Amino acid sequence: MKPTISIVIPFFNCPFIEQAVQSALNQTYSQLEIIVVDDGSTAHAERLTPYLSHIYYLGKRNGGTASALNHGIRHASGDYIAWLSSDDLFHKDKITHQIDFMLERGAYISHTNYNYIDNRGELIENNVAPSFSTTVDFLRSFLLANPINGCTIMMKRELFNHIGLFDEYLAYTHDLDMWFRVMLHGYNISFLNESLTSYRWHRGMGTIQYRPAIEKEISITQARYREPLQQLLSQK
């Protein structure tokens, strides 16, 4: 029997939310639950009304993306967790291809390639994830940037029992912090080189609005993990 996958969609005042939900509902994989976590929205929640009979809708006080993800994970019943941002889209075969890839390898966590789309959902660029020829190159890249798009990730839910949930004190780098902890606990992050997620660039996205604060927090997070990551690299 195929494992159940929980797709967690954090939502806060996003005008693209119904497109994200529809892309989750369009999955060719049948063993799914879709959890939308409303992180205290004051706008666009009505867009979810037609979907309420097809999703698990959880409301909470505003606390940021990490808290919304954690809230969804705590309520998830799936064997695996996938994260979809409310302004992004999954390709219809995303879950099918990624879970097959993970089961074949016995992987606890994996990420995939992805595309850029614009405000209207039109393709800007295909296959934008960086690729690495060796594991060492992949690990070393975390000292300079975050090479993983969080919405391409799928994780075995039991992994959180070993490494903990997302750090809710980190407004922007909760994902980067998580990947560091995954690697330092000895788990390989497998890469499926297929573009199965569309990442939307638009004026309202946090990456644009809060760039200085994001860059500052990235530097702090990288500094925190630099020494243990270098120790890990010395063992490779």
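Predicted model: local features only at pLDDT ≥ 70, side-chain atom pairs only at ≥ 80, totals over all residues.
Residues are numbered from 1 along each chain as its sequence is written, and side-chain values use heavy atoms, without hydrogens and water. Local features need pLDDT of at least 70 and side-chain atom pairs count only at pLDDT 80 or more, while totals for chains, interfaces and linings use all residues.

**View 1. Thr152 in the loop between helix 4 (135-141) and strand 8 (154-156).** Helices (H or I, at least four residues) and strands (E, at least two) are DSSP runs, numbered from the N terminus. Thr152 has 0% relative accessibility and so counts as buried (under 20% relative accessible area, 1.4 Å probe, protein chains only). The side chain of Thr152 reaches the backbone nitrogen of Thr112 at 3.4 Å. Leaving aside residues up to four places away in sequence, Thr152 touches several residues, among them Lys94, Ser110, Asn113 and Thr197 (contact: heavy atoms within 4.5 Å).

**View 2. Phe138 in helix 4.** Phe138 is buried, because its relative accessible area is 11%. Not counting residues up to four places away in sequence, Phe138 touches His111, Phe132, Pro147, Ile148, Met183 and Ile189.

**View 3. Packing of helix 6 (residues 174-184) and helix 8 (residues 211-234).** Two packed helices are described by the angle between their axes and the distance between the axes. Here the angle is about 10 degrees and the axes are 10 Å apart; the axes are lines fitted to C-alpha atoms over the stretch in contact, with angles from 0 to 180 degrees between N-to-C directions. Helix 6 and helix 8 are therefore roughly parallel (angles under 35 degrees). Residues of helix 6 including Phe180 and Leu184 meet residues of helix 8 including Tyr225 and Leu229.

Key:
Buried < 20%, exposed > 50% of the residue type's maximum accessible area, 1.4 Å probe, protein only. Polar contact = N/O pair within 3.5 Å; in protein donor to acceptor, adjacent residues only side chain to side chain. Parallel < 35°, antiparallel > 145°, perpendicular 65-115°, else oblique.
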